[in-house]
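Reader: I'm new to this one and I'd like to know what the labels rest on. Could you show me the structure before I start asking?

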Amino acid sequence: MDEMIRHILEILENDARASPEEIATLIGTSAQEVSQTIAKLEETGVIRHYKTIVDWDLVGENYVYAVIELKVTLERNQGYQAIAERIYKFPEVRSVRLLSGDYDISLTVRGKSMKDVAFFVAEKIATLDQVQSTSTHFVLKTYKEDGVILHEPETIQRLPVSF
Amino acid sequence: MRPPCDPSKFIAEAVKSIPPSGIRRFFDLVSGLEDIISLGVGEPDFITPWHIREMCIHSLEKGQTSYTSNYGLPELRDELTRTYYRRYGLDYDPASEILITTGVSEALDIAIRAVVNPGDEVIVVQPSYVAYVPSVILAGGKPVIVSTHRNDDFSLTAEALKPAITSKTKAIVLNFPNNPTGAIMQQEGMEDIADLVVENDLFVISDEVYECLTYEGTHVPFSSLEGMKDRTVMLNGFSKAYAMTGLRLGFAMGAPDIIHSMMMIHQYSMLCAPTTAQVGAIEALRNGKGEMERMVREYDRRRHFIVKGFNRIGLECCNPKGAFYAFPYIGCTGLSSSDFAERLLNEKKIVTIPGDVFGEAGEGFLRCAYAASLDDIRKAIERMGDFVDGLKQ
């Protein structure tokens with residue numbers, strides 16, 4: 001991978017708000033070149049989306065999250081893609097992953113209450129023809145999300161002056 | 001009744017003759033101040049990568065708390081041999097040519113003590129790390145200073161070295177990438193210095209602890225030059241590249257006679273380096289490349305940011321090609337390095353290190369470590385800009 005592209009992606013992955021001017025200063029190039037590269041990365045789908053990681057607990061918005069493991073039966077001529085597409089269109093579904101091991105697919109679902117999530121799984125997911133079984137795990141606390149620690153971050157204590 | 005005693009009369013002359021550390025004064029000035037932004041710290045602002053800490057914890061759980069060989073853990077020396085062969089084609093025998101030390105500081109001290117006799121002259125290139133001159137004095141040697149200058153990007157040339165060499169010159173202490181200037185050495189210039197070393201039959205003590213933090217060009221160990229392996233002891237460590245400062249682990253690589261002599265001093269002072277840190281170092285060498293490269297990329301970005309920032313606010317700053325220090329010129333403000341740094345601390349709560357701490361050649365400069373968060377660097381530049389503007393009015 002081009003070194004400049006790697007630098008830009010790392011900076012944006014860490015802070016989506018970094019401006020082209022700031023990125024240009026950090027990597028020693030022009031803001032125009034950074035803007036053009038970012039536009040190309042967006043066009044080609046390398047950059048999929050810009051988002052913010054929110055600690056909803058801190059503003060009193062108590063969402064309920066659950067991880068749902070699914071065993072599925074594949075229909076003739078249809079791979080996992082078809083069932084994944086069926087599932088990821090539900091707005092309640094935050095992530096869909098194909099797994100190896102005892103289960104085939106793992107979902108993360110968000111709702112306003114445990115009841116919300118339970119109904120969604122029982123009515124929308126478990127009833128799909130391809131779904132053999134579901135196993136629902138409610139999330140009790142999230143400590144880290146997408147690489148961001150959501151409680152006391154690890155800090156380093158340094159002397160203010162040293163050799 | 002026994003008479004009172006003045007303990008100071010027992011202090012050795014060599015210790016009394018060590019110049020006072022300019023950094024010590026800043027320790028005192030900073031203590032008690034709150035909400036300061038520090039660019040004065042000579043250590044990474046990253047925490048030791050977790051996989052390295054985890055190996056240290058695991059070794060403690062297993063009860064690996066005994067002494068190791070005086071030379072260090074054989075596995076660590078084997079790993080160093082493999083690493084340096086892979087990086088530079090250097091071939092050091094792990095049994096006789098590598099010594100694990102308690103940080104590069106110890107390696108420096110015992111390397112100098114191993115080669116310097118009382119009265120020997122040792123060339124120290126400045127601006128440079130603060131320990132070189134005192135280490136030479138403590139070994140009974142005489143430091144001879146060669147200065148580098150900002151007009152030449154603080155690079156060292158054989159021409160600059162030549163006049164400092166006398167019949168008493170025994171060794172040269174080199175440091176590249178350099179603390180505080182960030183200067184590196186180019187291979188052509190190094191070959192000229194190597195010729196000079198051979199002509200005058202000198203020994204080289206090469207502190208390359210910032211080796212992995214080289215952003216432009218490629219690091220060339222002095223010992224990798226033709227004929228230099230046996231004339232050079234390379235000092236290096238894990239503090240900077242792997243953010244392991246507090247684990248205090250360094251090493252020396254050189255000819256068996258030199259390493260054996262250093263080990264003789266080491267065995268009666270340190271005995272061996274900390275076992276836990278050595279276990280962590282093995283993990284760092286085996287699996288730490290990715291984390292190290294990530295940190296280096298981050299320093300590189302901050303380097304661009306801080307250099308551009310200094311030049312923007314009117315403090316001319318050479319582009320440091322290695323280490324994690326920017327060394328802006330503040331002579332244009334009319335203030336001495338110490339006055340500038342002290343006023344900057346008191347008026348803007350920014351900690352920097354005055355350049356004269358690193359030798360007279362550093363007067364007119366400030367050492368600013370960019371091993372600080374980007375936010376802190378941004379704020380520091382803004383406040384320094386205000387401070388410089390205020391001086392003009």
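Reader: What makes the radius of gyration of chain B agree with that of a compact globule?

Author: The radius of gyration is taken over C-alpha atoms, and the globule rule is 2.2 Å times the number of residues to the power 0.38. With 393 residues, that rule gives a value near 21 Å, and chain B has 21 Å, so the two agree. Along its principal axes, the C-alpha trace of chain B spans about 70 × 65 × 50 Å. Before we go on: this is a predicted model, where local features need pLDDT of at least 70, side-chain atom pairs count only at pLDDT 80 or more, and totals for chains, interfaces and linings use all residues. Residues are numbered from 1 along each chain as its sequence is written, chains are lettered from A and ligands numbered from 1 in the order in which they are written, and side-chain values use heavy atoms, with hydrogens and water left out.

Reader: And what does the globule rule say about chain A?

Author: There the numbers part ways: a compact globule of 163 residues would come out near 15 Å, but chain A has 21 Å. Its C-alpha atoms fill a box of roughly 60 × 40 × 30 Å along the principal axes.

Reader: How many helices and strands does chain A have?

Author: Five helices and six strands. Helices (H or I, at least four residues) and strands (E, at least two) are DSSP runs, numbered from the N terminus. In that direction, the elements of chain A go α-α-α-β-α-β-β-α-β-β-β. Chain B has 13 helices and 12 strands.

Reader: Why is B:Asn179 called buried?

Author: Buried means under 20% relative accessible area, exposed over 50%, and partly exposed in between (1.4 Å probe, protein chains only). B:Asn179 has 1%, so it counts as buried. You'll find B:Asn179 in the loop between strand 5 (169-175) and helix 8 (187-199) of chain B.

Reader: Which residues is B:Asn179 in contact with?

Author: Contact means heavy atoms within 4.5 Å. Leaving aside neighbours within four places in sequence, the contacts of B:Asn179 include A:Phe163, B:Tyr129, B:Tyr210, B:Phe358 and B:Arg367.

Reader: What makes A:Leu128 buried?

Author: The relative accessible area of A:Leu128 is 7%, so that residue is buried too. A:Leu128 sits in the loop between helix 5 (114-125) and strand 4 (131-138) of chain A. Beyond its neighbours within four places in sequence, A:Leu128 touches A:Ile83, A:Arg86 and A:Ile87. From A:Leu128 to A:Tyr80 is 48 residues in sequence and 13 Å in space, C-alpha to C-alpha.

Reader: What share of each chain counts as buried?

Author: For chain A, 29% of the 163 residues. For chain B, 55% of the 393 residues.

Reader: How many residues does each chain bring to the contact between them?

Author: Chain B brings 34 residues and chain A brings 19 residues. The two chains bury about 2200 Å² between them, 58% of it on carbon and sulfur atoms. Buried area here is the accessible area (1.4 Å probe) that two parts lose on being put together, summed over both. B:Ile47, B:Arg297 and B:Arg301 supply 28% of the area that chain B buries against chain A, more than any other three residues.

Reader: Where do the charges of chain B lie on average?

Author: The mean positions of its 39 positive and 52 negative charges are 4 Å apart. Lys and Arg count as positive and Asp and Glu as negative, with His and the chain ends not counted. Each charge is placed at NZ of Lys, CZ of Arg, CG of Asp or CD of Glu.
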